[in-house]
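Work through the following exercises with the sequence and the three-dimensional model at hand. Try each task before reading its solution.

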Amino acid sequence: LQFGPVYVCRLLKNPKHANRLTLEDTQQWSQSLERLLGSKYGLATFRTFLKSEFSDENIEFWLTCEDYKKITLSYKMSPKFLIKWTVRQWLSFATQINIDYHTREEIKRKVNSPTPQCFDEAQKIVYGLMERDSYPRFLRSEMYKTLLESLATDNAQR
C-alpha cells in the first residue's frame, strides 16, 4: 500500500521532520482523538490511515468544518460568496458522511443563511463517529504500531 506503515514511518522520520516527532508525542495520540487531531503529525498520520482504508470522508468533512469556521470570521467574506461556498462544501459531503436525516435537513435549511455554526451539529456527530470507530481502528492498526516501534527503536539507539 502506498499509505502503509512503512510509508508513514519514512515520511515522519524524514530529516525535515527530525526532532519534531517523538515517541512521547506519538504515544499521547492514544489518550484521545482530540490529542491526535491537535497534533500536526497526528492529524497527518490519521488522515493517511483513513485514506488507506478508503474511509477519509469523515475527517475531510470535520476539517472542512474547521476551515469554514475560520473563513466566516473574515471581514472580506460577502454573504453571496459565503452561501455559494457553504452549499458547495455541503453538497460535496452530503451523501458521503453518516449523519441522521434530521441533521441533514437542518443543514439544508441553514445553508441558505449560513452562520459560523452552520455545520456544528453535523461536525459533532462526525467527530463522535470517528471517536467510536475510526480512532480505535487507528490505534490497533499496523501503521500506528509500526510507527511506535520505529520511534522506540530510534530512542533505544540514541
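The model is predicted, so local features need pLDDT of at least 70 and side-chain atom pairs count only at pLDDT 80 or more, while totals for chains, interfaces and linings use all residues. Residues are numbered from 1 along each chain as its sequence is written, and side-chain values use heavy atoms, with hydrogens and water left out.

**Exercise 1. Describe how helices α4 and α8 pack, and name the residues that make the contact.**

Solution. Two packed helices are described by the angle between their axes and the distance between the axes. Helices here are DSSP runs (H or I, at least four residues; strands are E, at least two), numbered from the N terminus, and axes are lines fitted to C-alpha atoms, for helices over the stretch in contact, with angles running from 0 to 180 degrees between N-to-C directions. Helix α4 covers residues 40–52 and helix α8 residues 120–140, and they pack at an angle of about 90° with their axes 10 Å apart. The two helices are therefore roughly perpendicular to each other, a label given to angles of 65 to 115 degrees (under 35 is roughly parallel, over 145 roughly antiparallel, and the rest oblique). From α4 the contact takes Thr-45, Phe-46, Phe-49 and Leu-50, and from α8 it takes Met-130, Ser-134, Tyr-135, Arg-137 and Phe-138, where contact means heavy atoms within 4.5 Å.

**Exercise 2. Find the residues with the most contacts inside the largest nonpolar core, and list what Phe-61 touches.**

Solution. A nonpolar core is a set of buried Ala, Val, Leu, Ile, Met, Phe, Trp, Tyr and Cys residues joined through side-chain atoms within 4.5 Å; buried means under 20% relative accessible area, exposed over 50%, and partly exposed in between (1.4 Å probe, protein chains only). The largest such core has 38 residues, and those with the most contacts inside it are Leu-37, Phe-46, Ile-59, Phe-61, Trp-90 and Met-130. At least two residues of this core come from each of α3 (33–38), α4, α5 (57–72), α6 (79–93), α8 and α9 (142–157). If residues up to four places away in sequence are not counted, Phe-61 touches Trp-90, Phe-93, Ile-97, Phe-119, Ala-122, Gln-123 and Val-126.

**Exercise 3. Locate Pro-136 and describe its surroundings.**

Solution. Pro-136 lies in helix α8 and is partly exposed, with a relative accessible area of 23%. The C-alpha atoms of Pro-136 and Leu-33 are separated by 9.1 Å, although the two residues are 103 residues apart along the chain.
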